[in-house]
Amino acid sequence: MKISVIGTGHVGLVTGACFADRGHRVLCVDVDKGKIAKLRRGVMTIYEPGLEDLVRRNVKAGRLKFGTTNAEAVAFGTVIFICVPTPPRPDGTADLSFMESVSRDIAKVLKEYRLVVDKSTVPVHTGEKVKQVITKYAPKGADFDVASNPEFLREGAAVQDTLHPDRIVFGVESARADKVLREVFEPFKAPILSTDIKSAELIKHASNSFLALKISYANALAAVCDLAGADVQMVTRGMGMDRRIGLAFLNPGIGYGGSCFPKDVSAFEAISRELGYDFKVLREVQRLNEEAAGLFIKKIEQELWNLKGKKIAAFGLSFKPDTDDIRESVALKIVKMLMEKGADVRGYDPQAMERAREAVPALKTAKSPYDAAKGADAALLLTEWKEFHNLDLARLKKLMAHPTMIDGRNLYEPDKMKAAGFTYKSIGRP
Ligand code: NAD
């Protein structure tokens with residue numbers, strides 16, 4: 001099958017490369033010419049485990065190509081996947097202007113049958129709008145279908161998630177679109193849920209909001225455990241052993257970030273309200289998430305008292321491990337809050353340092369966690385990269401002015417930290 005991908009970012013590049021790896025012929029286009037030039041030279045534009053090999057292999061095999069115009073995409077693929085940004089507007093609703101502009105680009109050059117599939121995360125009813133725009137701008141009688149195919153990949157595990165998905169969801173309006181999409185996804189050997197477009201659109205918002213809710217629930221539990229002197233790790237483990245609940249996404253911490261959860265929760269809350277339903281629990285999820293970062297700062301202040309002039313090492317700056325993505329990173333938000341309070345922060349991240357320096361030019365960075373910890377009054381574990389799992393605690397202790405570790409991800413064992421001579425604080429654990 002010939003497939004085009006419009007928008008070669010985190011989702012588009014991974015999706016395109018994985019389609020190619022499964023035997024399809026793929027053209028990935030992007031308006032960002034610099035991005036495409038880099039990819040054509042074999043230089044990756046994002047850090048994602050396994051991606052570089054995958055792209056190289058499929059470019060070499062002639063299955064994956066790159067382009068700079070949406071017209072090329074329409075000319076090439078029978079199926080066109082739209083993977084453009086849908087960022088939040090200041091009022092929390094999704095900005096769908098990229099979707100509209102791409103729909104118009106597609107319409108203008110539509111000649112033969114094309115299946116236009118929205119992979120970007122969008123509010124319910126977007127598929128209808130895409131169809132209206134294409135109908136309006138395309139030549140009369142143009143032959144096309146619109147479909148929805150929400151994406152569930154996790155950054156940091158995007159290649160594995162895309163090659164081996166839990167499920168493929170798509171929403172279609174015609175038997176023809178259903179048949180084409182089954183052919184596209186057949187090589188992935190995953191369970192398929194084919195439904196109507198509106199339901200498919202809702203599945204994505206409902207899933208991400210539910211995961212965010214689980215995280216916020218765990219954070220609220222941790223706050224209660226802190227007050228009660230109980231151990232949240234034990235509480236969530238006990239809950240998770242119940243198959244109806246499960247342990248995933250019940251880890252308390254400094255809150256969720258990234259380019260998806262915050263914007264998807266607010267877009268889902270906004271579209272529900274627009275439709276006439278007040279989805280109050282989603283606002284509470286957002287409030288609890290805001291609160292988590294504040295509670296973490298309080299923990300630091302309880303340990304260090306005044307932050308002005310205090311030397312603090314920050315381990316991890318990306319929004320989660322195994323990615324250099326810092327969009328809505330709570331780690332970086334905490335670093336900024338500490339700097340505003342006058343703390344002297346030195347950050348270290350295995351992959352996200354360059355992006356972090358661009359976003360926070362005043363941030364001092366270090367070459368390693370040990371370098372960051374030199375003379376520090378406290379070290380903060382903000383993103384649980386593998387590199388931080390087995391730190392040399394004796395070395396760290398020697399380097400720090402005061403061996404204090406405040407763990408925002410409950411990565412370390414309290415007993416082990418105590419035995420290593422650290423003052424240790426974590427989330428919801430005595
Ligand atoms: P991204 O910013 O990494 O990539 C989007 C790309 O689209 C950019 O390279 C941009 O230059 C390009 N683009 C913008 N306007 C364009 C246009 N008119 N024509 C062609 N290209 C254009 O974004 P992303 O993280 O890949 O997210 C894309 C969508 O997928 C969003 O709706 C997001 O919510 C959703 N999503 C993201 C993830 C994730 O983990 N990043 C997971 C699931 C779903």
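What joins the side chains of Glu387 and Tyr348? A polar contact of 2.9 Å does. A polar contact here is a pair of N or O atoms within 3.5 Å; within protein, one must be able to donate a hydrogen and the other to accept it, and residues adjacent in sequence count only if both atoms are side-chain atoms.

1. Basis. This is a predicted model: local features need pLDDT of at least 70, side-chain atom pairs count only at pLDDT 80 or more, and totals for chains, interfaces and linings use all residues. Residues are numbered from 1 along each chain as its sequence is written, and side-chain values use heavy atoms, with hydrogens and water left out.

2. Overall fold. The protein chain holds 17 helices and 14 strands. Its radius of gyration is 23 Å, close to the 22 Å from the globule rule for 430 residues, so the chain is as compact as a globular protein of that length. That radius is taken over C-alpha atoms, and the rule is 2.2 Å times the number of residues to the power 0.38. Along the principal axes, the C-alpha atoms fill a box of roughly 75 × 50 × 40 Å. Helices (H or I, at least four residues) and strands (E, at least two) are DSSP runs, numbered from the N terminus.

3. Packing and surface. Of the 430 residues, 53% count as buried. Buried means under 20% relative accessible area, exposed over 50%, and partly exposed in between (1.4 Å probe, protein chains only). Take contacts between residues at least 6 apart in sequence: 72% of them join residues at least 24 apart. Contact means heavy atoms within 4.5 Å. The chain exposes about 19,700 Å², and carbon and sulfur atoms supply 53% of that area. Accessible areas come from the Shrake-Rupley method with a 1.4 Å probe; for residues, only the protein chains shown count as cover.

4. Charge. The chain carries 65 positive and 55 negative side chains. The centres of the two sets lie 3 Å apart. Lys and Arg count as positive, Asp and Glu as negative; His and the chain ends are not counted. Each charge is placed at NZ of Lys, CZ of Arg, CG of Asp or CD of Glu.

5. Glu387. This residue sits in the loop between β12 (378–381) and α16 (393–399). Glu387 is partly exposed, at 37% relative accessible area. Beyond four places in sequence, Glu387 touches Tyr348, Pro350 and Pro369. Asp349 is 38 residues from Glu387 in sequence, yet their C-alpha atoms are 9.4 Å apart.

6. Asn289. Helix α12 (residues 280–304) contains Asn289. Its relative accessibility is 11%, so Asn289 counts as buried. A polar atom of the Asn289 side chain lies 2.7 Å from the backbone nitrogen of Tyr256. Setting aside residues up to four places away in sequence, Asn289 touches Ser216, Gly255 and Tyr256.

7. Gly12. Look in helix α1 (residues 10–21) for Gly12. Gly12 is buried, with 0% relative accessibility. Its contacts outside four places in sequence are Val5, Gly7, Cys28 and Cys83. Gly12 and Cys28 are 16 residues apart along the chain, and 7.2 Å separates their C-alpha atoms.

8. Val184. This residue belongs to helix α8 (residues 175–185). Val184 also counts as buried, at 0% relative accessibility. Leaving out neighbours within four places in sequence, Val184 contacts Met1, Ile3, Phe19, His24, Val79 and Phe81. Arg22 is 162 residues away from Val184 in sequence; C-alpha to C-alpha, the two are 9.2 Å apart.

9. Glu269. Helix α11 (residues 261–275) holds Glu269. Not counting residues up to four places away, Glu269 touches Phe279, Leu282 and Arg283.

10. Backbone points to check. Most residues other than glycine have a negative phi. Trp305 has a positive phi, near 60°. Trp305 is in the loop between α12 and β9 (311–315), and is exposed at 70% relative accessible area. Asp322 likewise has a positive phi, near 65°. The loop between β9 and α13 (330–340) holds Asp322, which is partly exposed at 24%.
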